[in-house]
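Please read them with the structure open beside the text.

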Amino acid sequence: MHVDHSEVDRRTLLRAGLGAATVAVVGSELAFPAAAQAAPGTDLDWIISCDEWDARPPKDPLSVSAIPTNKIIVHHMAFPNVTDYSREQAVKLAHDCQDLHMDGNGWSDTGQHFTVSRGGYVLEGRRGSLERLEAGDRQMISAHCPGENGRAIGIENEGTYVTETPPQALTDSLVKLCVAICRQYGLHAHDIFGHWDFRTTECPGAAFYREFPALRRRVYAALGTKLGDVPARRWPDLWRFVNSPSVRVVQHLLTFRGYAVTVSGTFDAATVAAVQDWQARNGIPVDVDATLTTPTWETLAPELDQHAAARRSPRCRRFSPPRGTRSPSPGRTTTPPGRRCRTCRRCTACRATASSARARGARSSAERSARRSSTAEFAAAVRGTPHRRRALAAARRRASTASSPGADQRRVAVGPV
Ligand SMILES: [Zn+2]
């Protein structure tokens with residue numbers, strides 16, 4: 001389900017060169033001829049069209065986007081995880097969703113382009129989406145993810161997947177649908193995102209999102225993508241209208257680069273100014289919407305080598321990286337293979353051995369305490385207290401037993417000196 005009700009995608013207008021003054025015309029048709037690259041005879045008959053599931057007509061005229069489609073955004077519907085896997089349930093689902101979006105949210109039509117049921121049925125959502133998919137160009141402007149509605153195909157999946165994963169039939173159909181969309185729009189498996197990559201929401205659910213790498217691998221395989229053609233990263237092209245946890249990452253990186261921005265997750269004016277300043281300083285085209293283009297991400301994110309670990313905690317004093325392993329970026333160190341910080345327990349490298357680090361910490365703490373007390377006794381002895389010789393002998397004994405096995409227990413028995 002979506003809490004955002006803003007259906008108008010202002011970026012779509014701006015990118016189309018229409019500008020703010022023509023916002024009023026949103027809702028009218030932007031006519032585009034059928035795409036030249038439309039795949040003739042493409043078999044998409046397995047998608048149940050709006051006519052086939054008897055959808056209501058849209059309340060308002062729908063628009064075709066003027067900008068290219070560059071991603072797929074996957075959602076869960078936050079509907080019950082039903083065990084009715086029939087076609088009838090899939091059709092009922094499409095009707096329920098359309099009613100909710102039109103009557104509850106006040107939208108013109110179903111928000112997403114396509115719907116997948118738990119039984120694996122795929123249905124057209126917003127009217128016209130199937131026709132645009134067959135054409136392979138210029139999607140319908142939708143209402144599934146504000147800011148991305150003109151350039152992202154939205155797929156809603158029946159169910160709630162915060163803790164549960166979708167049934168196999170749903171996943172298989174989702175793969176099939178993603179493959180068809182990628183083929184028709186010239187996209188790749190790495191162009192598949194989750195809703196929360198662009199908005200602050202629980203959608204598509206943590207359990208589902210965890211399966212996205214497997215989903216992408218299946219789409220890659222079906223598309224016949226060579227591994228060598230897969231980019232190392234596909235950065236989310238965030239811009240000033242989005243509001244998601246990914247924005248916090250941007251703000252952390254800007255802070256790391258010295259900008260005074262608040263890490264809030266909201267793409268505020270300070271973040272816009274910082275991104276644009278960074279772009280200007282690094283010879284990257286400055287985007288009017290402060291879009292995090294690939295060069296912007298690549299320059300903002302510090303380079304790490306293959307053995308890079310997390311940023312060293314300020315509490316970490318005992319571990320100093322060997323000469324030559326300190327990276328050029330201030331405050332960032334690299335941990336050589338096999339090395340573990342023994343003190344801070346905050347470094348990523350330490351987490352795997354946190355319990356053994358705690359045990360080591362307890363032991364070394366007892367040793368330090370023993371040494372401190374014996375040193376105090378020794379100093380007192382040197383200063384010439386009445387029992388100088390006895391105190392000196394006791395200090396030496398404690399110092400020697402402190403480093404032997406079982407010293408912890410003996411210290412407890414002796415008590416503080
Ligand atoms: Zn969603």
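1. Of the contacts in the protein chain between residues at least 6 apart in sequence, 70% join residues at least 24 apart, a contact being a pair of residues whose C-beta atoms, placed from the backbone, lie within 7 Å. This is a predicted model, in which local features need pLDDT of at least 70 and side-chain atom pairs count only at pLDDT 80 or more, while totals for chains, interfaces and linings use all residues. Residues are numbered from 1 along each chain as its sequence is written.

2. The protein chain has 13 helices and six strands, these being DSSP runs numbered from the N terminus (H or I and at least four residues for helices, E and at least two for strands). Buried residues make up 35% of the 417 residues; a residue is buried if 20 or more other C-beta atoms lie within 10 Å of its own, exposed if 12 or fewer, and partly exposed in between, with C-beta atoms placed from the backbone.

3. The six strands form an open sheet of mixed pairing, in the order S1-S4-S3-S5-S2-S6, where two strands pair if DSSP finds at least two bridges between them. Its edge strands, each pairing on one side only, are S1 (47–48) and S6 (192–194). Helix H2 (residues 87–104) packs on the sheet and touches S3 (114–116), S4 (122–124) and S5, its direction making about 135° with that of S3; axes here are lines fitted to C-alpha atoms, for helices over the stretch in contact, and angles run from 0 to 180 degrees between N-to-C directions.

4. Strand S2 (residues 71–76) pairs with S5 (residues 152–157) in the parallel sense over six bridges, and with S6, also in the parallel sense, over three bridges. On the S5 side, Lys71 has Ala152 as its bridge partner and His75 stands opposite Glu156, whereas in S6 the bridge partner of Ile73 is Phe193. Six of the six residues of S2 are buried, so the strand is largely enclosed by the rest of the structure. Both faces are covered, with Lys71, Ile73 and His75 buried on one side and Ile72, Val74 and His76 on the other.

5. The largest nonpolar core has 52 residues, and those with the most contacts inside it are Ile72, Val122, Leu123, Ile155, Leu177, Cys178 and Ile181; such a core is a set of buried Ala, Val, Leu, Ile, Met, Phe, Trp, Tyr and Cys residues joined through C-beta atoms within 7 Å. Helix H4 (residues 168–185) provides the largest share of this core, eight residues. Domain 1 (10–229) and domain 2 (245–300) both give residues to the core, so it lies between them; the domain bounds come from an automatic or database domain assignment. Beyond its neighbours within four places in sequence, Leu123 is in contact with Ile47, Ile48, Trp53, Ala90, Ala94, Phe114 and Thr115.

6. How far apart are the end C-alpha atoms of H4? They are 26 Å apart, which agrees with the 26 Å that its 18 residues should span at 1.5 Å a residue, the expected span being 1.5 Å times one less than the number of residues. The buried residues of H4 include Leu170, Ser173, Gln184 and Tyr185. After H4 comes Gly186, whose phi is positive, near 70°.

7. His195 lies in the loop between S6 and helix H5 (206–209) and is buried, with 25 other C-beta atoms within 10 Å. Leaving aside neighbours within four places in sequence, its contacts are Ile73, His75, Cys145, Thr201, Cys203 and Pro204. The C-alpha atoms of His195 and Ile72 are separated by 9.5 Å, although these residues are 123 residues apart along the chain.

8. The backbone geometry deserves a check at a few places. Most residues other than glycine have a negative phi, and most peptide bonds are trans. A cis peptide bond joins Cys203 and Pro204, with omega about 15°, and Pro204 is in the loop between S6 and H5. Asp54 has a positive phi of about 60° and counts as exposed, with 9 C-beta neighbours inside 10 Å. Ala290 also has a positive phi, about 55°, but is buried, with 24 other C-beta atoms within 10 Å.

Key: Contact = placed C-beta atoms within 7 Å.
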